[in-house]
Amino acid sequence: MIHNSFSVTMNFAVAFALFYLITVESWRVHSQEPKKLYVNMTLVNNARETGAFCLDGSLPAYHLDRGFGAGEDNWLLQFEGGGWCNDLKSCLERAKTRRGSTNYMTKYETFNGILSNNATVNPDFYNWNRVKLRYCDGASFTGNKVFNNGTTKLYFKGQKIWEALIADLLPKGLGKARKALLSGCSAGGLATFHHCDNFTKYLPTNASVKCLSDAGFFLDGRDVSLNHTMRYFFKSVVRLQGSVQNLNKNCTSAMPSYPDLCFFPQYVLKYISTPYFILNSAYDVFQFHNILVPPSTDPRGHWIHCKKDPAACTPTEINTLQGFRLSMIAALKPFYFYSNSGGMFINSCFAHCQSESQDTWSGADSPKIKNTTIAEAVGDWYFSRNRSKAIDCPYPCDTTCRNLIPAPVIWKIRLEFFPTSFPVLLSEVPEVKG
């Protein structure tokens, strides 16, 4: 009887312990995770007055989460990314998706990383007014044309969308901003190069205004077949959408025969006077897959294993990637040495866009250079706490690069960013199963 009683007691104790671990401890773990923040969409109704429409004629939009406390007069605007369209076919296809119409966009967006309202994970900007500017024009907010052949109409109105978004936000407090940061990811990061100086003109003269590009430093480089694939693609985007008139005037004046090259950041950067921070991977996966080794250069798929996993790259492929890294560093060299107000975080992780994800922005295992996270580097630069220009050692020396984009996601990004009209044979790319 004593043995049975002891056994029952032990069984009860074990069961209780398991219950405690499963419920209470599990609750404690999840309660420590940042609560997800969903922010509602705001349509810009006044955009009709200037014809600032998305590709399909729908109204542009943004998501605003109000600042509070000491940050109620500070503003962070984040351009959404999402590639480009370079001909009528691809733009017509895009107009029927969330990349070309607010009708297909989610009405609530999750704010993470630099947009988070959690002081623990985003200590420098958590209480600012944080805005996500939705992307629906296909030319990084630079176009200003309308195509109409009587049966089909497309609005290439990125520049007007930018102006309409700002006009809607100014009376909501942006016009009285004390501090402001214009940022963006990928195609949105590219947009910051084209609108940074213009952004400062809308704000008080005594405001602290700076800009940040995340994964937006797209190189004008040759691919492995020595062709300028990306140059020709951007040229077709600029000409289709009438973007030249909205590119940096000093840059286009300096290159009158090739004004479309001013769509590339490396040519316009030296003309930007507003303090600027460049966040980029030296092995940016989008550029690796589309600028360095676009599918047209690898019809037999020799690079497929390297693209899926850097550890599978051959020595020759690694040397090619190291050459691409050196090209990026060379393009950034003048900025690194001569920009007193600039900041830089060029790491060696195979990634694309690192400011919008908590894992890469300031997570416990996020990428670091000299023990400094991206969030810390950006904050040090913005608030002038410390010199913040860092270039990582070459791959594979950085042991903090644990947050790599899984191969299926990388391929999905590439296919979404470059439509089927891009001058490479996407049909030759094998499907990657997730």
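Because the model is predicted, local features need pLDDT of at least 70 and side-chain atom pairs count only at pLDDT 80 or more, while totals for chains, interfaces and linings use all residues. Residues are numbered from 1 along each chain as its sequence is written, and side-chain values use heavy atoms, with hydrogens and water left out. Helices (H or I, at least four residues) and strands (E, at least two) are DSSP runs numbered from the N terminus.

**The sheet**

- Ten strands form an open sheet with mixed pairing, in the order E4-E1-E2-E5-E3-E8-E9-E10-E11-E14, where two strands count as paired if DSSP finds at least two bridges between them.
- The edge strands of this sheet are E4 (108-110) and E14, each of which pairs on one side only.
- Neighbouring strands of the sheet are turned by 20° against each other on average, direction ignored, with axes taken as lines fitted to C-alpha atoms (for helices over the stretch in contact) and angles running from 0 to 180 degrees between N-to-C directions.
- In general, strands of a sheet pair through backbone hydrogen bonds, either parallel or antiparallel.

**Strand E8 and its surroundings**

- Strand E8 spans residues 179-185 and is mostly covered, since six of its seven residues are buried, buried meaning under 20% relative accessible area, exposed over 50%, and partly exposed in between (1.4 Å probe, protein chains only).
- Strand E3 (residues 74-79) pairs with E8 in the parallel sense over six bridges, and glutamine 78 stands opposite serine 183 in E8.
- E3 also pairs with E5 in the parallel sense, over five bridges, with tryptophan 75 standing opposite asparagine 129 in E5.
- E8 and strand E9 (residues 208-214) run parallel and are joined by seven bridges, and the bridge partner of alanine 180 in E9 is valine 209.
- Between E8 and E9 the chain passes through helix H4 (residues 187-201), and this β-α-β crossover is right-handed, a term that applies if, with the strands pointing away from the viewer, the path from the first strand over the helix to the second runs clockwise.

**Cores and a covered helix**

- The largest nonpolar core has 82 residues, and those with the most contacts inside it are Leu77, Trp84, Phe199 and Leu321; such a core is a set of buried Ala, Val, Leu, Ile, Met, Phe, Trp, Tyr and Cys residues joined through side-chain atoms within 4.5 Å.
- A second, separate core of 22 residues includes Phe111, Phe277, Ala375 and Tyr382.
- Helix H8 (residues 285-292) is mostly covered, with eight of its eight residues buried, among them Phe286, His289 and Leu292.
- At the start of H8, a side-chain oxygen of aspartate 284 comes within 2.9 Å of the backbone nitrogen of phenylalanine 286.

**Two buried glutamines**

- Glutamine 354 lies in the loop between strand E11 (343-347) and helix H11 (358-361), and at 2% relative accessibility it counts as buried.
- The side chain of glutamine 354 makes a polar contact with the side chain of asparagine 347 at 2.9 Å, a polar contact being a pair of N or O atoms within 3.5 Å where, within protein, one must be able to donate a hydrogen and the other to accept it, and where residues adjacent in sequence count only if both atoms are side-chain atoms.
- Not counting residues up to four places away in sequence, glutamine 354 touches residues including Asp214, Leu279, Trp361 and Ile374, with contact meaning heavy atoms within 4.5 Å.
- Glutamine 322, in helix H10 (residues 315-338), counts as buried at 18% relative accessibility.
- Leaving aside its neighbours within four places in sequence, glutamine 322 is in contact with Tyr283, Pro394 and Tyr395, and the C-alpha atoms of glutamine 322 and proline 394 are 7.3 Å apart although these residues are 72 apart in sequence.

**Backbone geometry**

- Most residues other than glycine have a negative phi, and most peptide bonds are trans.
- Serine 140, in the loop between strand E5 (129-133) and strand E6 (145-148), has a positive phi near 55° and is buried, with a relative accessible area of 0%.
- Serine 186, in the loop between E8 and H4, has a positive phi near 60° and counts as buried at 1% relative accessibility.
- A cis peptide bond with omega about 10° joins tyrosine 395 and proline 396, and proline 396 is placed in the loop between strand E14 (389-391) and helix H13 (407-417).
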